[in-house]
Amino acid sequence: MLKPIRVLAGYHRVCLGSQESGRSKLMNVRPILYVVCAAALLLVLTAKMNAAGSAGLEEANRRKILLLTEGPEPRTLDPQIAQGVPEHHIIMALMEGLLENDPDDQSKQLPGLADRWEHNDDYSVWNFHLRDNAKWSNGDLVTTEDFIFSYKRMLTVTLAAPYIDALYILKGARDYAEGKIADFNQVGVKALDDRNLRFELIGSTPYFLSALLHTAWYPVHRETILKFGKIDERDTKWTRPGSYVGTGPFILKTWKENDVIELIRNPLYWDATNVKLNGINFYTIENYDTEERAFRAGQLHKTEEVALDKIPYYRREHPELIRIDPYEGVYFYRINVRRKPLDNPKVRLALNLAVDRESIVKNVMRAKQKPATGYTPPGMGDYGPLDVIHYDPERARRLLAEAGYPNGKGFPKFNILMNSNQAHRTIAEAIQQMWKQDLNIDVGIENQEWRVFQDSMNRLHYDVARYGWIADFMDPITFLSMWRTGDGNNNTGWSNPKYDQLLDQSAQTADPQKRLAILRQAEQLWLSEPAGIPIYWYTRCYLLDPSVKNWNALALDNHNYKFIDLEENGTPKLSLAH
Amino acid sequence: MIKLIVSRLLQLIPVVWVVLTVTFFLSKSIPGGPFSAERQATPEVIQKLNEYYGLDKPLWEQYVHYITRVARFDLGPSYTYQTSSVNEVIARAFPVSFQIGTLAFIIALAVGVTAGVIAAINKNQIWDYLPMSLAMAGICVPTFVMGPILAVYFGLTLKIAPVSGWYGLDYAPLHPMILPAITLGLFYAAYIARLTRGGMLDVLNQDFIRTARAKGVLSRDIIFKHAMRGGLLPVVSFLGPEFAGLISGSFVVEKVFNVPGLGQEFIKSVFNRDYPLILGTVAFFAVLIVVFNLLSDLLQSAMDPRTRK
């Protein structure tokens with residue numbers, strides 16, 4: 001206790017220029033000093049030792065531990081309850097489904113727990129054979145019963161799985177979920193024996209293999225789930241380290257909320273010999289600037305994003321660190337077609353044609369995004385992006401005049417709604433200016449906090465609202481299904497029976513090329529009376545340390561971690577001090 | 001004294017109850033629900049989630065249910081951390097904020113009181129203007145500017161502290177709490193310096209100080225023995241609630257240094273509409289503030305005979 005007092009007393013003495021020791025004269029400030037000392041003592045008592053922790057990039061490379069961040073803290077690691085992208089990315093290291101991601105091309109798949117499969121002529125019945133060495137991380141054999149149990153759990157509506165509708169392509173799945181049939185045997189997934197699994201789908205589904213890569217189709221370990229709760233019980237402790245039983249190349253070692261999730265190699269994984277890394281650490285870092293500093297300090301191999309204003313700097317000064325990959329997503333504005341004058345397709349088309357997307361991409365976003373000439377982004381195999389919408393102020397003015405607003409006269413003022421974010425605002429301001437300049441109409445910009453914004457969108461309490469949509473799998477249907485009448489993600493009030501009919505027809509078309517042609521027709525229709533304004537097709541922009549090998553540009557950003565490697569004596573990163 | 005302590009602690013119950021009631025109805029009145037997401041789940045799923053967490057019941061029923069649960073010291077499940085209860089979230093986040101806050105408090109006190117005393121005894125000279133201008137600058141420089149500056153200097157240039165996270169780095173000798181604590185501490189030090197200076201000047205102008213000087217008491221003794229005792233009173237009354245504020249965590253500092261403290265849980269719970277977590281953190285802060293106000297009152301009465309009963 002005495003030592004800190006002396007220290008502090010000495011401090012005052014020096015400051016005051018006195019030469020004498022003054023401890024005995026400090027009686028009256030003692031209470032404060034006691035409090036300070038007590039606090040210091042408490043601090044020491046509660047301070048935890050520095051955990052083994054990270055040792056910087058070179059040491060991580062030597063130990064082959066990949067240091068990543070997925071941004072926010074994952075809410076759960078249960079593949080059937082997970083909803084967000086960070087959750088999916090971490091689960092993909094812990095779990096594997098029937099198939100796994102191809103390390104080079106997101107429209108291809110590699111055999112996962114299944115080693116072979118076949119389908120009938122119209123892609124509506126699929127048989128999968130489970131490989132004989134497919135094991136859970138606790139040593140149990142993966143059987144077809146595990147899959148049946150998992151899909152039953154997923155379709156039990158009281159579990160409230162957010163991706164429950166992903167499974168609705170199974171025959172009878174929706175009816176089971178909605179309680180119209182009680183017998184799960186009537187759902188289109190059957191265990192022919194303990195190695196052979198059959199799926200019966202409601203229609204022709206050539207993209208089924210791609211859909212199967214989604215975590216919603218992953219199996220969960222029956223005994224573990226039931227040990228920690230009932231089949232439909234959410235939030236049980238089975239996802240904690242020590243309890244988590246998975247099928248993936250890695251197992252869960254630690255989970256420190258808002259700090260780090262550490263995974264280590266799973267020795268029982270069927271392909272364990274081909275797993276290059278010894279572990280992956282996923283850090284929770286929500287702030288882009290902090291993330292960038294952590295990268296520069298060697299605490300991360302890769303960032304999740306690059307802040308908008310830093311992109312030009314890295315592109316200019318450190319092109320070896322910045323990566324810009326195409327990303328299967330579209331940035332667009334929704335238009336509420338129930339509000340006048342936006343109910344008029346001509347007005348909506350005019351608004352579309354008066355947006356100079358090239359300029360937005362080049363001057364605002366600056367990360368090689370592509371101007372959206374259609375809705376579905378490029379990269380969907382033979383579908384090809386539609387090349388329909390271009391900047392055409394002449395035609396836009398004409399359309400607006402036809403709609404009864406020559407030179408914007410009498411056009412009621414409306415608002416662009418968005419969630420609070422600087423990038424969204426910058427884009428909105430650019431578009432506001434374009435519309436003013438080309439159409440002579442005035443629009444306001446309104447921002448709302450994220451949850452309020454979503455509430456406004458769901459209730460159609462907006463005129464025009466910004467949004468983004470990322471593919472769940474590699475098929476245009478992942479973009480087009482949202483515009484169906486009454487779809488939960490439509491949120492514009494737009495409805496066209498012809499569109500719904502085309503989508504239904506596509507599901508009954510066995511020939512993949514014909515099917516894509518029908519979908520193209522549907523998108524064409526939507527673009528002719530658009531319930532939105534596609535603005536640009538995404539890219540993903542991030543910083544990647546050169547010591548990371550095989551981190552390829554993937555359109556869905558779903559990396560197969562077992563192929564990722566670290567170069568032990570990787571090129572030392574340049575000094576990044578500004 | 002004992003009576004005061006007991007009665008103040010008993011006051012906690014109505015205080016927490018009122019705070020919880022107001023927060024409960026306020027939090028439920030914000031638009032937007034906890035289960036919306038970029039890709040909207042089906043209405044059935046949203047409904048089941050509401051049923052699962054009891055959000056489908058009438059508001060008063062939810063309220064009664066919640067209050068009876070809190071009476072048993074159970075703050076309910078968190079929607080954001082799906083495998084944790086609010087009690088668990090607070091139990092793991094509070095120690096982080098507590099460590100950072102306490103160290104910040106010590107820094108603030110040491111720097112602030114010293115600067116304030118020096119300024120007071122050198123009134124209207126360079127050693128008054130200098131520390132006070134620095135203090136003014138300290139108040140004006142927000143933590144979200146100071147934090148990154150420290151992170152870049154100590155983390156990237158000197159490489160002696162981690163710039164992110166609550167885990168140690170082999171090459172960085174400084175514990176992850178040091179930089180956040182300095183950031184927070186310097187900010188509060190500025191306030192304390194100004195308060196100390198004001199308090200000291202008040203006391204130094206009083207008759208008993210003049211008497212002491214006339215009696216020939218050493219200048220140093222006047223400062224330490226007579227003046228500081230009264231001069232620090234405003235600081236002490238400021239410190240109680242401030243200490244509670246410091247150890248309950250700062251959202252900004254926790255974000256800048258990416259440490260898993262309680263401050264960010266509180267802010268994020270509002271963004272996520274995680275009602276039990278909002279209520280739990282608010283109730284916890286209420287308890288902290290009452291307790292530290294009590295402590296600062298006790299300390300004040302020990303230092304100032306006039307407030308003793």
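Reader: Which residue takes a positive phi just after H10(B)?

Author: Just after H10(B), B:Gly249 has a positive phi of about 95°. Helices (H or I, at least four residues) and strands (E, at least two) are DSSP runs, numbered from the N terminus. This is a predicted model, in which local features need pLDDT of at least 70 and side-chain atom pairs count only at pLDDT 80 or more, while totals for chains, interfaces and linings use all residues. Residues are numbered from 1 along each chain as its sequence is written, and chains are lettered from A and ligands numbered from 1 in the order in which they are written.

Reader: Where does the kink in H10(B) lie?

Author: The bend at a residue is the angle between axes fitted to the seven residues ending there and the seven starting there. In H10(B), a kink of about 35° lies at B:Leu239, shortly before the proline B:Pro241.

Reader: Against which helices do the buried residues of H10(B) pack?

Author: A residue is buried if 20 or more other C-beta atoms lie within 10 Å of its own, exposed if 12 or fewer, and partly exposed in between, with C-beta atoms placed from the backbone. Contact between two residues requires those C-beta atoms to lie within 7 Å. The buried residues of H10(B) include B:Leu239, B:Phe243 and B:Leu246. The partners against which the buried residues of H10(B) pack are H4, helix H7 (178-204), helix H9 (219-231) and helix H13 (275-303) of chain B. Leaving aside neighbours within four places in sequence, B:Ala104 is in contact with B:Leu246, and also with B:Ala181, B:Leu184, B:Gly185 and B:Tyr188.

Reader: Why are the buried residues of H17(A) on the same side?

Author: Helix H17 (residues 497-507) of chain A has the buried residues A:Tyr499, A:Leu502 and A:Ser506. They lie on the same side of H17(A) because they cover an arc of only 60° around the axis, the arc being that of the directions from the helix axis to the C-beta atoms. The buried residues of H17(A) pack against helix H18 (512-528) of chain A. On the face turned away from the buried side of H17(A) are the exposed residues A:Pro497 and A:Gln501.
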